[in-house]
Number of protein chains: 2
Amino acid sequence: MDQRVSLITLGVADLERARAFYEALGWSTHDAPEADVVFYQAVGMIVALWSREELAKDSGVEDRGGWGGVTLAYNVGAPAEVDAVIEEARAAGAVIPRTGAATFWGGYSGVFIDPDGHPWEVAHNPFWTLHEDGSVHRPLPPARS
Amino acid sequence: MDQRVSLITLGVADLERARAFYEALGWSTHDAPEADVVFYQAVGMIVALWSREELAKDSGVEDRGGWGGVTLAYNVGAPAEVDAVIEEARAAGAVIPRTGAATFWGGYSGVFIDPDGHPWEVAHNPFWTLHEDGSVHRPLPPARS
């Protein structure tokens, strides 16, 4: 199994509401307004929104509700951009459990939670490289002498 | 907010077990064996394993356990590769709620669940393009006349 992820599907209770939220943040798709699953082309991978109930069945898992141990992150080029995205998410209806602040790992981040309870950390990580095309790379460790 | 994901963090109960599982599938990292968070460079983004308890705190969410409405997918080039990855995951200790089979959407997929309950769909989607570098793209719809 190669080291990659092709698709992240976020289960949602109300697809219209979820779609409106991500589109208020600037995301766009070619899917019709009546589509029952919506796909957003990201950088080399895809993010989908689908009925959480259908996703649970399709994934062979039981759903007792709530958060399940997965957090996404969106990296930006500077602390001020973290603050801007957090405010954009708040305006779109996100809950903000923490606004931008310095982190224990030496970066700067805040978190927003989408209308279906999916948290996104918005982060500036000065140790990682955010390329022009939106891809993110971690530097290799220095060679041992 | 651009249409991209920089990092997916999977919360785990036992980092050593989780790391052993993904490394049995062929993933590798430069992080030291004693690291308390492990990062895997994927295609233009990163996958991390971290204490689920710490991740919940960091994400500002309450954790009642179980699945939380997020499923990842790993796309491959042919149905037989789906079967091969599912068997590789089973051998590494995954639970297999469904083995490879034709899907309602015209592809072929199976699902494995990692030791922390995170499901991965392994899919062959004949409508999407899986590039040599591992990136996945959805074709644009035909232009309207």
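Begin with the lining of the largest pocket, which by class has 18 nonpolar, six polar and five charged residues. Here Ala, Val, Leu, Ile, Met, Phe, Trp, Tyr, Cys and Pro count as nonpolar, Asp, Glu, Lys and Arg as charged, and the others, Gly among them, as polar. This is a predicted model, in which local features need pLDDT of at least 70 and side-chain atom pairs count only at pLDDT 80 or more, while totals for chains, interfaces and linings use all residues. Residues are numbered from 1 along each chain as its sequence is written, chains are lettered from A and ligands numbered from 1 in the order in which they are written, and side-chain values use heavy atoms, with hydrogens and water left out.

The space in the largest pocket is about 600 Å³. Select A:Val37, A:Phe39, B:Trp105, B:Asn125 and B:Trp128, which are the closest to its centre among the 29 lining residues. A pocket is an open set of points on a 1 Å grid over the protein atoms alone, where a 1.4 Å probe fits, with protein on both sides within 12 Å along at least five of seven lines; lining residues have an atom within 4 Å of a point. Grid points are joined across faces, edges and corners, and the volume is the space filled by probe spheres set on the points. Which element gives the most to this lining? It is β4(B), with four residues. Strands (E, at least two residues) and helices (H or I, at least four) are DSSP runs, numbered from the N terminus.

Of its 25 lining residues, A:Trp105, A:Glu121, B:Leu7, B:Val37 and B:Phe39 lie nearest the centre. In this lining β4(A) gives the most, with four residues.

Now display the strands. An open sheet of seven strands can be followed in the order β2(A)-β3(A)-β1(A)-β4(B)-β7(B)-β6(B)-β5(B), and its pairing is mixed; two strands pair if DSSP finds at least two bridges between them. β2 of chain A and β5 (95–102) of chain B stand at the edges with a single partner strand each, so one side of each has no neighbour in the sheet.

Select β3(A), where five of the six residues are buried, that is, under 20% relative accessible area with a 1.4 Å probe and protein chains only. β3(A) pairs with β1(A) in the parallel sense over six bridges, and A:Leu7 stands opposite A:Ile46. β2(A) and β3(A) run antiparallel and are joined by five bridges; here A:Val37 stands opposite A:Trp50. In the hairpin of these two strands, which has four residues between them, A:Gly44 takes a positive phi near 75 degrees.

Cross to chain B and select β6 (residues 108–113), which pairs with β7(B) in the antiparallel sense over six bridges. B:Gly110 stands opposite B:Val122 in β7(B).

Finish at A:Glu34, in the loop between α1 (15–24) and β2 of chain A. Is A:Glu34 buried or exposed? A:Glu34 is exposed, with a relative accessible area of 65%, where exposed means over 50%.
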